[in-house]
Structures are given as structure tokens and as C-alpha cells.
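This briefing gathers computed features of one protein chain for a reader who has the sequence and the model at hand. Please read the points below alongside the structure.

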Amino acid sequence: MGTITRNFANKLTTSGTIDATTGIDGVIPSSNIANSSVTNITTVPASIGETIESVASDPSPVTEGQFWYNSTTGALKGLVQLKAWSAGSNMTTARAYLGSATNATQSSGLAFGGSANGGVTALNSTEEYSGFTWAAGGNMGTARYQLAGAGTQTAGLGFGGYTPSPAAVVGLTEEYNGSTWAANPTGLANVRRAIGSCGTQTAGLAFGGQNPPAPGQKNSTEEYDGSTWTAGGNLTTARQSLGGAGIQTAAVGFGGETSTANTAETEEYDGSTWTSGGNLNTTRRQLAGAGIQTNAIAFSGRTPPFSSATEQYDGTSWITVSSMSTARASGAGGGSATAGLGFGGYTPSVTAATEEFNSTTFSPATGVWASGGSLPAASNGGAGAGIQTAALSFGSRTAPQEQVTNEYDGTSWAAGGPLGTPMGNLGGAGTQTAGLAFGGGPGGGNSTTTKEYDGSTWTAGGSLNVSNSFLAALGTQTAAIGAGGYNPSPASVRITAEQYNGTSWTAITNISTGRYALAGGGTTSSGVIFGGISVVSPLTYTGVSEEYNGSSWTAGGSLNQGRSMFAGGAGTSSDQAYAIAGDGPVASDSNSVEQYNGTAWTTSPSLATGRRSIAVGTQSTATAAIAFGGRVSSTDQSITEEFTGTPTTATASTLTTS
């Protein structure tokens with residue numbers, strides 16, 4: 001029998017079951033899909049095989065939308081696509097009515113201007129997003145809000161808006177080079193605020209907007225060539241506070257507010273003319289968007305009330321996908337329809353919340369580890385930070401590497417600034433230019449030491465409250481967590497956890513399972529810790545995972561291979577984490593790698609060389625990871641391995657019947 005691809009209609013309940021007696025048809029509501037799959041609860045009868053493909057073993061590869069009945073296990077399985085928002089790091093300054101680089105990526109966002117107090121005053125500050133944390137950029141020349149933006153983090157464009165003092169709608173245009181803003185003497189010809197926008201710094205697009213006297217909605221379009229604004233084709237419907245996506249010659253504008261009401265109308269621009277597209281499902285204004293004309297997302301807004309609704313556009317029609325966690329209006333965004341970014345806005349209070357949208361069917365089994373440049377010297381029990389092309393290695397359990405720092409550029413390692421304090425079996429977090437080291441000590445002993453790295457020099461940070469080592473670490477330099485660890489006297493495991501704010505450590509809720517030599521990944525609002533040794537004597541290894549949501553720990557899925565990590569934990573959120581190598585009762589100096597999807601751990605391609613006490617780039621992603629150093633038997637290693645994955649197909653999960 002050939003593959004039968006069918007959708008499951010309104011038969012999938014929030015408990016994750018399918019009523020097999022009423023048929024299989026329709027569409028799975030996205031709100032009922034967690035992490036692109038539904039976990040197995042029960043088996044299904046063999047009669048299901050009469051209406052869907054029946055196979056003795058799961059097919060491979062699997063494609064999006066494919067379903068089948070496994071007659072060996074009695075399970076109904078299928079693959080659905082993940083389309084979901086996850087928490088990112090908060091902005092430094094909560095703000096609404098801000099501008100953004102609409103064509104920036106999810107890992108290189110740009111936010112500027114806006115208001116932190118409901119429009120009483122305007123901001124001129126800029127923030128840059130690395131994919132993990134926000135950092136200050138150069139200030140704009142003119143503070144304003146309700147402005148628009150385009151371009152990227154290193155080639156941004158800001159224009160239009162409102163200045164409260166003196167009170168005026170402006171057409172000012174400024175360009176950003178990655179560090180400073182420069183004013184262009186040629187502003188918008190049609191001065192306005194609450195504008196739709198998209199495009200690049202040298203090919204920007206402004207459309208719609210408002211200029212008093214009220215209602216003052218505009219239908220005009222202007223095109224920017226890097227120096228001058230010129231008139232383009234008018235929108236069919238004059239409106240303000242609309243969303244936009246795409247480029248100057250292939251744009252899409254949607255939603256907004258006309259002189260009488262909110263609208264769901266969508267229009268597409270070809271470089272000269274606007275034509276009607278499919279209407280939004282949720283009528284709203286003050287929304288944001290990302291992507292291209294034929295694959296865009298629209299999110300947030302005000303209906304009223306404040307909205308978290310997200311919709312995806314294919315160039316013809318909109319479909320509703322997973323909502324944002326925080327309903328908001330007058331926020332901003334960027335990125336693409338498969339890797340979007342939303343931040344700021346009103347909730348109704350001004351918010352700094354950042355969220356990342358991902359739509360993927362990535363399989364952790366699709367990819368390979370390959371050799372990278374070797375460390376200058378062998379090391380074990382050190383820590384890591386950063387990403388595959390900008391990693392940081394620091395500390396070691398054994399001399400003379402206890403204070404050594406090395407930086408990786410994707411090809412080779414080079415010396416960085418020394419720690420200044422011997423540190424081994426420590427925790428590591430952050431990036432290559434904003435690293436964090438804490439705990440550990442000479443020979444792997446305990447300490448309260450914290451060090452911060454700026455890309456060249458380590459300086460002292462706030463001390464841990466509890467002297468510690470062998471602890472799990474996750475987060476960034478200004479928002480990190482250390483959990484669990486080792487108490488040398490009497491020899492025992494720790495259940496304590498602490499959170500760092502860039503200055504000091506504060507105790508947070510204890511973890512449920514005390515342990516040491518564990519690992520972690522994610523952020524302070526979406527983190528996970530896993531593995532470790534739960535009993536010192538006799539050594540007892542655990543595969544337990546715990547997830548942290550910013551306030552409390554909850555049980556997560558267990559590792560497939562219970563182990564002491566003495567090793568690598570990484571990831572950008574609790575639903576995208578790595579467990580790399582380690583040691584345990586099943587495999588000493590293991591080469592096993594697992595990836596977490598927020599529910600369960602899945603076996604991923606193994607390292608070429610099994611080892612323990614390994615270090616990793618803690619901000620590694622599902623498609624790009626790095627691991628280095630470690631120990632094989634009694635020999636320290638200088639090996640570096642890099643993982644490259646391809647977001648193609650995903651591993652299917654079992655669907656069930658009631």
C-alpha cells in the first residue's frame with residue numbers, strides 16, 4: 001500500500017487522544033500540538049491499519065504530514081511540523097511603539113526608539129539581540145516613538161515617528177552601521193507615524209501611517225534607495241498601525257486601523273502597485289510581522305483586547321498557528337516565517353519580553369560530527385561558552401591549563417586572556433565576547449569564584465552564595481543559573497540552585513533531585529538540567545531532567561542513557577538542549593549524544609571520540625554544535641568536534657486512540 005497522507009480533524013483532544021470510532025479527517029488544531037508531536041499514551045487497534053498505511057517498521061525518511069500504523073508495536077504514528085514561540089532574553093529597556101530592523105535575523109535583531117512610559121517621553125536608545133541576550137547599541141540622533149524600521153543589525157534604517165517634545169510628527173530618516181546612527185538630510189516626503197515598513201537600508205519601503213488632524217490615515221507609499229525617498233504606488237486602503245514584511249519589490253502589508261475600524265485586509269506590493277491578498281483571520285491593529293511576501297508571519301496586536309494571535313501567510317491566504325506566550329500590541333519584530341523574533345510592546349504595561357518563533361521539522365538524527373581545529377593543549381574538566389563559529393574554552397581540572405582561555409573562530413583556536421584564578425570542574429555560560437565562569441577551583445575543588453569575560457579580559461563578578469563545583473550551568477553572562485553540584489564535606493550532592501543577574505547571585509528554588517556532575521542548557525526562563533550522580537557512595541547515575549520556567553522546577557523527560565555528564569550541556573531553550581558524551585554505568589567515556597525537544601530525549605549522531613569531562617559551546621543549536629577537550633581513560637584530550645545538522649525531516653511520534 002502506498003503512503004496515505006491524511007489530516008486529523010478535530011479528533012485530537014488536549015489530552016492527546018484520537019477518537020478512532022468517528023473517523024480521521026480535517027486538520028489538527030495547532031494548539032493541541034506540542035513540540036511537533038504527540039507522545040505515546042496507549043496503543044491502537046489493528047483495524048486502524050485498514051484506513052491508513054500499515055507497516056511492520058517505521059519508514060525512513062519521514063516527510064511532513066505522513067501517517068502510518070506500525071503493526072509490530074500497535075502504534076499509530078505521524079509527523080507534524082513544529083510551529084511555536086519560545087522565550088528569549090528580555091530587552092534591557094521595556095518599551096512600546098518602537099522600531100526594528102525588519103529584515104534582521106532571529107539571532108541578530110535590532111530595536112530602537114519607542115517609549116517606556118506610554119508616550120510621555122521618547123527613547124533614542126538602541127538594543128542589539130544576539131539570539132541569546134540584548135546589548136546596548138549606539139543612540140539615535142532623535143528620540144521618538146511610533147517610528148518604523150527596515151534593514152539589518154549592521155545596516156539598519158529608522159524613519160518617521162513622533163517626538164513628544166516638541167510635539168510633532170516627523171519624517172526624519174537615520175541609518176545604522178552596527179554601532180552609530182547617522183541622519184540623512186532627506187526625510188520622508190509624506191511625514192507620518194505608525195507606518196508599515198520592510199526592506200533594507202538601501203531599498204526600504206514605507207506605507208500607510210497617520211498624520212493629524214485626526215483621523216489622518218495615509219495610503220501613500222515611499223521607496224528609499226539609500227539616500228532619497230521617492231513616491232511609490234498607493235495602498236488600496238488608507239490605514240495606520242499595520243504590519244509589514246518582505247522587500248521593496250515584493251512586500252506584504254496587513255491589518256491596521258482605518259478611519260473607522262480595525263481591518264484584516266492584506267495587500268501585496270510588486271514595486272509599483274498594491275493588490276489585494278487574503279484577509280487575516282484575526283482583525284487587529286498595532287501588530288508586527290516578519291518574513292517574505294510568500295511566507296510571512298503576523299503576530300500580536302490589538303483587537304481589542306491585546307492579542308497573542310499568530311498567523312502564517314503563503315502568498316494567498318493566512319492560517320492560524322501557535323500563539324505568542326505574551327499577548328501584546330505596539331511591539332516590533334524581525335526575522336523570517338521559520339525563525340521569527342518578536343519583542344517589546346504593551347501588555348497593557350510596557351514589556352521587555354522577547355519571544356522567538358520557529359517552524360521546523362528538524363530531525364536530530366540528520367547531521368554529522370566532524371573534526372575541528374585542536375585545542376593548543378589537552379584539557380579536561382574545563383568549561384565552554386559561545387557557538388560553533390565563536391566558541392570559548394576556559395579552565396581545566398589539571399595543570400597547567402587551569403587558568404587558560406582559548407577562543408575558536410570556526411577553524412582554529414587562539415589564546416585569550418587568562419582567568420587569573422585556577423578553575424576546574426566549573427560552570428560556564430554566555431558567549432565568546434560575554435562569557436561567564438563560576439564555581440570550581442584548583443584541581444577541581446570548590447569555590448564561590450565568578451569571573452566575567454569581555455572578549456579579552458576576565459574580571460571578578462559577584463560570588464556564589466554556596467561554594468560549589470561539578471554544577472550544571474546555563475544562560476548568559478547577565479542571566480545565568482548554576483544548579484546542583486558537589487559538597488566535599490561531608491561528601492554529598494547539592495540540591496541548591498542560584499541565579500546570576502550580571503552583578504550578584506540569588507538563591508532560587510531548589511532542584512528536586514540533588515546531584516553533581518550534571519549539565520544544563522537553555523535560559524533562565526526556559527532551561528533544563530539533566531543527568532549527573534545522585535548518590536556519592538556507591539556512585540549512582542541518573543538520567544533525570546528538570547525544566548525551569550523562571551520560577552520553579554518541574555520534571556522533564558529522562559535521558560535514554562543515565563549518566564554522569566562530567567561533560568557537555570548546551571542549548572538555547574528547554575525545548576532545544578544537548579547532552580553530549582559523559583560517563584556512566586552503561587558506557588565509560590561515552591560518545592553518546594542526545595537532543596531534547598521539551599518532552600523527550602532523542603538519540604543524535606555520536607561523537608567520533610567518546611570522553612568525559614568535556615566542554616561545549618553552551619549556545620550550540622540543533623543544527624550547529626561544538627564540543628572540545630575532555631578525558632579518555634586517564635589521558636586529557638585536545639580534540640574538537642563540530643556537529644552540522646540539516647533541518648529537513650523530523651522523527652515522527654506516536655499518536656494514540658482513546
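Four strands form an open sheet in the order 15-16-17-18, with antiparallel pairing, where strands are DSSP runs (E) of at least two residues, numbered from the N terminus, and helices are DSSP runs (H or I) of at least four residues. Two strands count as paired if DSSP finds at least two bridges between them. The model is a predicted one, in which local features need pLDDT of at least 70 and side-chain atom pairs count only at pLDDT 80 or more, while totals for chains, interfaces and linings use all residues. Residues are numbered from 1 along each chain as its sequence is written, and side-chain values use heavy atoms, with hydrogens and water left out.

**The open sheet**

- Strand 16 (residues 204–207) and strand 17 (residues 221–224) run antiparallel and are joined by 4 bridges, and Leu-205 stands opposite Glu-223 in strand 17.

**The chain as a whole**

- The protein chain has 0 helices and 60 strands.
- Of its 658 residues, 57% count as buried, a class that means under 20% relative accessible area, as against over 50% for exposed and in between for partly exposed (1.4 Å probe, protein chains only).
- Among contacts with a separation of 6 or more in the protein chain, residues 24 or more positions apart account for 52%, a contact being heavy atoms within 4.5 Å.
- The protein chain exposes about 22800 Å², of which carbon and sulfur atoms supply 50%; accessible areas come from the Shrake-Rupley method with a 1.4 Å probe, and for residues only the protein chains shown count as cover.

**A hairpin and a buried glycine**

- Strand 25 (residues 310–313) pairs with strand 26 (residues 318–321) in the antiparallel sense over 4 bridges, and Gln-312 has Ile-319 in strand 26 as its bridge partner.
- The hairpin of strand 25 and strand 26 has 4 residues between the strands, and Gly-315 in this hairpin takes a positive phi near 100°.
- Gly-532 is found in the loop between strand 46 (527–530) and strand 47 (533–535), and it counts as buried because its relative accessibility is 0%.
- The C-alpha atoms of Gly-532 and Thr-542 are separated by 5.7 Å, although the two residues are 10 residues apart along the chain.

**Salt bridges**

- A search of the whole structure finds 11 salt bridges, each defined as a side-chain nitrogen of Lys or Arg within 4 Å of a carboxyl oxygen of Asp or Glu.
- Arg-328 counts as buried at 1% relative accessibility, and Glu-355 counts as buried at 3%.
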